[in-house]
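Dear colleague,

Please find below the structure for your review. My notes on its contacts, cores and charged pairs follow.

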Amino acid sequence: MQGNSVGLKRTQAPKLKPKRSKKQDKPVCPIPPPDLPPKFRQLIVEEMGGKGVVLVIQKTIFYSDINLTANHFSIPFSQIKTHDFLNEAEAKELTGKTPMQEWLLDPSMKGTSITFNKWVMGSSSLYVLTNTWNPVVKNNQLKKGDMVQIWSFQVNSLLCFALVKL
């Protein structure tokens with residue numbers, strides 16, 4: 001290769017770039033959190049006077065979430081976007097193993113009373129929506145594989161939830 005026009009000598013090895021750590025591969029600008037759909041925002045904020053709207057979880061519905069015998073929707077601590085959706089009194093009540101009756105706005109924009117509880121299973125904990133969960137599943141035709149979000153908000157200092165089907 002005597003007439004090499006690139007100017008590399010035969011014995012010259014290409015320079016290797018230093019390996020980057022995985023932390024450096026993350027985008028500089030984090031992905032912004034999803035927004036509450038406009039029709040929910042209008043009802044919750046403008047019509048109901050809801051405040052402190054926070055995304056609690058976005059998850060795929062599993063069989064256990066729609067099993068009629070189980071009758072609950074699980075919100076594993078490990079998947080919760082922020083734990084700040086509960087005030088101190090609510091967190092204390094759940095720690096004391098007292099279920100709370102709350103209000104849920106379902107995907108069809110229908111409100112229903114639902115039980116919100118904290119379950120401790122060995123070393124892991126989760127929140128659950130129970131008691132009237134099966135009618136929510138049936139009325140909104142929720143099925144395994146559906147992607148949903150649970151949003152929390154306060155109306156007159158009362159904890160409320162919105163279930164959004166994506």
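**Nonpolar cores**

Setting aside neighbours within four places in sequence, Leu142 is in contact (heavy atoms within 4.5 Å) with Ile61, Ile66, Trp133, Val136, Val137, Val148, Leu163 and Lys165. Please note that this is a predicted model, in which local features need pLDDT of at least 70 and side-chain atom pairs count only at pLDDT 80 or more, while totals for chains, interfaces and linings use all residues. Residues are numbered from 1 along each chain as its sequence is written, and side-chain values use heavy atoms, with hydrogens and water left out.

Leu142 also belongs to the largest nonpolar core, which has 25 residues; Leu142, Ile75, Phe116, Leu129 and Trp133 are the members that touch the most others. A nonpolar core here is a set of buried Ala, Val, Leu, Ile, Met, Phe, Trp, Tyr and Cys residues joined through side-chain atoms within 4.5 Å. Buried means under 20% relative accessible area, exposed over 50%, and partly exposed in between (1.4 Å probe, protein chains only). Two or more residues come from each of β1 (51-60), β2 (72-76), β3 (100-105), β4 (111-121), β5 (124-130), α5, β6 and β7. Helices (H or I, at least four residues) and strands (E, at least two) are DSSP runs, numbered from the N terminus. Another core, of twelve residues, lies apart from this one and includes Leu36, Leu43, Trp151 and Cys160.

**Salt bridges**

Side chains of opposite charge can pair when their charged atoms come close. The structure holds three salt bridges, each defined as a side-chain nitrogen of Lys or Arg within 4 Å of a carboxyl oxygen of Asp or Glu. One joins Lys59 to Asp65, with the closest N and O atoms 2.9 Å apart; both Lys59 and Asp65 are buried.

Asp146 pairs with Lys143 (3.5 Å, N to O) and with Lys165 (3.7 Å, N to O). Asp146 counts as buried because its relative accessibility is 11%, whereas Lys143 is partly exposed at 48% and Lys165 is partly exposed at 32%.

**Thr115**

Thr115 lies in strand β4 and, with a relative accessible area of 6%, is buried. Its side chain makes a polar contact with the side chain of Asn131 (2.9 Å). A polar contact is a pair of N or O atoms within 3.5 Å; within protein, one must be able to donate a hydrogen and the other to accept it, and residues adjacent in sequence count only if both atoms are side-chain atoms.

Yours sincerely
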